[in-house]
Amino acid sequence: MCEEMVAVTDSLSKLCSSLEVGLLSGPDAKAFARGFGKLRRLASATEARCAARVAETDAYLHDGHKTPERWFAGSSGTSVGEAASVLATASQLGGLAEIAGAFDSGELSLAQAGEIVPVAVLDPSGQSELLDAARSRDLVGLKRFCERKRSEHRSQEEEAERLERLHRTRSVRH
């Protein structure tokens, strides 16, 4: 499996270094941009899943890193905060089969997954609705949609807590 990764990486490296973007027609440039967008989403999803596995297995300790976030930040060239966000998103995909499938197939970007996964964890039955929102909205619109969903969930939890408090404080007088 690792040999395949090296071969794919080498082939992609050769393609990228030999591509003369200035010679591409507009439609060809658009096709390449879309293709590389899909590759980026696929690579980001796989990188996130592998990084989460590194965290699960404590393999980051072999390199002298104290946390998986620090290891991943160094490995990916991102901040520790961004690495923590990616690891959190990837680690929460376990019970979210629909979203995990869309993420792993390159349908969702890491940013989209980062928005919808925490909401889906609150209500896994809403995965289809969240995926539809990701497909039909830009990232700003998706963030707003997810915030509304989080607010609705908080309101439902608050109401349930209020009813529980009322139930506990009831008393019967004779």
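1. Start with the fold: the protein chain has eight helices and zero strands. Going along the sequence, that reads α-α-α-α-α-α-α-α. Keep in mind that this is a predicted model.

2. On to overall shape. The C-alpha trace spans about 90 × 45 × 25 Å along its principal axes. The radius of gyration is 22 Å, whereas a compact globule of 174 residues would come in near 16 Å.

3. Now for burial and contacts. Of the 174 residues in the protein chain, 26% are buried. If you take contacts between residues at least 6 apart in sequence, 52% of them join residues at least 24 apart.

4. Have a look at helix 2 (residues 26–57) and helix 3 (residues 68–76): their axes come within 10 Å and cross at roughly 145°. The crossing of helix 2 past helix 3 is right-handed.

5. Who touches whom there? On the helix 2 side you'll find Glu-47, Ala-51, Val-54 and Ala-55, and they meet Pro-68, Trp-71, Phe-72 and Ser-76 of helix 3. Sorted by class, this contact has six nonpolar residues, one polar and one charged.

6. Helix 2 also carries Phe-32 and Phe-36, which sit four residues apart, about one turn of the helix. The structure holds two aromatic pairs. Why does the pair of Phe-32 and Phe-36 count as stacked? The ring centres are 6.2 Å apart and the ring planes of Phe-32 and Phe-36 lie at 20°, so the pair is stacked; the cut-off for stacking is under 30 degrees.

Terms used:
Residues are numbered from 1 along each chain as its sequence is written. This is a predicted model: local features need pLDDT of at least 70, side-chain atom pairs count only at pLDDT 80 or more; totals for chains, interfaces and linings use all residues. Side-chain values use heavy atoms; hydrogens and water are left out. Axes are lines fitted to C-alpha atoms, for helices over the stretch in contact, and angles run from 0 to 180 degrees between N-to-C directions. Helices (H or I, at least four residues) and strands (E, at least two) are DSSP runs, numbered from the N terminus. A crossing is left-handed if the near helix is turned anticlockwise from the far one by less than a right angle, and right-handed if clockwise. Contact means heavy atoms within 4.5 Å. Ala, Val, Leu, Ile, Met, Phe, Trp, Tyr, Cys and Pro count as nonpolar, Asp, Glu, Lys and Arg as charged, and the others, Gly among them, as polar. Rings of Phe, Tyr and Trp (its six-membered ring) pair if their centres lie within 6.5 Å; planes under 30 degrees apart count as stacked, over 60 as edge-to-face and the rest as tilted. The radius of gyration is taken over C-alpha atoms; the globule rule is 2.2 Å times the number of residues to the power 0.38. Buried means under 20% relative accessible area, exposed over 50%, partly exposed in between (1.4 Å probe, protein chains only).
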